[in-house]
Amino acid sequence: MKLKTKTVKIGRNDPCPCGSGLKYKKCCMGKNGSDNQDLETLYAARYGIRLKKEKDIEGIRRAGRLVLETLELVESRIKPGITTDDINTWVHEFTVKNGAVPAPLNYRGFPKSVCVSINEVICHGIPSNRVIEDGDIVNVDVTSILNGYYADANKTFFAGTPGPGAVKIVRIARECLKRGMAMVKPGNTIGDIGWAIQTYAEAQGCSVVREFVGHGVGFEFHEAPQVPHFGQRGSGVPLVPGMVFTIEPMINLGRKELKVLQDNWTAVTRDGSLSAQFEQTLVVTETGVESLTPF
């Protein structure tokens, strides 16, 4: 894949990359004396977004392969009777063994190497001696730093035999990710992603968490832009080749409201309903999207 992140030709009738909503010819065309916008400079100055070059994409892709291998290891071992701390140990040891660093460990004081969120826990569950029970749904969120590059992905797994509510919310959360990813291509906007997720989830009688969003990733754990999983079509930052970010919709079986527990990390549904999530790290290409953590 060849990405053009230095200078990309923008058509006269294309949406202006400044985000005004106007056509390029009626907005920024000719303002800097050239029809070739330096997108790397423009996006850094206007949005704080650092577009990635080919070598960066490959570095994130390698980190992404390790993230997927880590999730596959967890999936092969997860079952009723293990603890969330067991999962933390597996993730930490496998990450370090492969020459990488678990990004969550000590990040803003987070005490563990992975987030493990069960049932009503939306995200940021801290591994502990909690025992996983039959029928639980367990989200495992892995972020690895390999040779200085970050990749981030998560999946929600079944432990034992799930009930109908668990089956429903996991299916819908996975489909929300799929529909969000389908909106990623040059010329679309971040708002298109959120619109696709929100309209589907709410049509299924579920809700979308507002407080936590997807984010840029690659050079750091969390970068610009923020990627809400709700919104309006055509709103937000225009997507251009070289943007790398996560889509990670958190979908509740009940209402969207949440509360954060006294540990200042664990977010749970306020009504106690189940919540599920799936996440991938994506790069916008010249023709669409590539997942750097494909599953």
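**Side-chain contacts in the predicted model**

Helix H1 (residues 39-47) has Leu39, Glu40, Leu42 and Tyr43 as its buried residues, where buried means under 20% relative accessible area, exposed over 50% and partly exposed in between (1.4 Å probe, protein chains only). These residues lie on the same side of H1, because they cover an arc of only 165° around the axis, taken from the directions from the helix axis to the C-beta atoms. Gly48 follows H1 and has a positive phi, near 70°. Helices (H or I, at least four residues) and strands (E, at least two) are DSSP runs, numbered from the N terminus.

The model is predicted, so local features need pLDDT of at least 70 and side-chain atom pairs count only at pLDDT 80 or more, while totals for chains, interfaces and linings use all residues. Residues are numbered from 1 along each chain as its sequence is written, and side-chain values use heavy atoms, with hydrogens and water left out.

Turning to the aromatic residues, a search of the whole structure gives six aromatic pairs. Rings of Phe, Tyr and Trp (its six-membered ring) pair if their centres lie within 6.5 Å; planes under 30 degrees apart count as stacked, over 60 as edge-to-face and the rest as tilted. One of the pairs joins Tyr107 and Phe221, which is tilted because the planes stand at 50°, with the ring centres 4.7 Å apart. This pair links distant parts of the chain, 114 residues apart: Tyr107 is in the loop between strand S3 (101-102) and strand S4 (115-118), and Phe221 in the loop between strand S9 (214-216) and strand S10 (223-227). Tyr107 is partly exposed at 23% relative accessibility, whereas Phe221 is buried at 10%. Phe278 and Phe295 also form a tilted pair, with centres 6.5 Å apart and planes at 45°. Phe278 is buried, at 0% relative accessibility, and Phe295 is partly exposed, at 32%. Ring pairs also join Tyr107, Tyr150 and Phe221 into a cluster.

Charged groups meet rings as well. The charged end of Arg233 sits over the ring of Trp195, 4.2 Å from its centre, and Arg210 lies over the face of Phe230, 4.7 Å from the ring centre. A charge sits over a ring if NZ of Lys or CZ of Arg is within 6 Å of the ring centre and within 35 degrees of the ring normal.

Asp192 is buried yet has no salt bridge, and Arg233, the nearest side chain of opposite charge, is 4.1 Å away. Here Lys and Arg count as positive and Asp and Glu as negative, with His and the chain ends not counted. A polar atom of the Asp192 side chain lies 2.8 Å from the backbone nitrogen of Thr189, and one lies 2.7 Å from the backbone nitrogen of Gly234.

The structure holds 14 salt bridges, each a side-chain nitrogen of Lys or Arg within 4 Å of a carboxyl oxygen of Asp or Glu. Glu58 forms one with Arg61, with the closest N and O atoms 2.4 Å apart, and another with Arg62, at 3.7 Å. Glu58 and Arg61 are about one helical turn apart because they are three residues apart in helix H2 (residues 54-77). Glu58 is partly exposed, at 24% relative accessibility, while Arg61 is buried, at 17%. A network of salt bridges links Glu58, Arg61, Arg62, Arg65 and Glu290.

Terms used
Polar contact = N/O pair within 3.5 Å; in protein donor to acceptor, adjacent residues only side chain to side chain.
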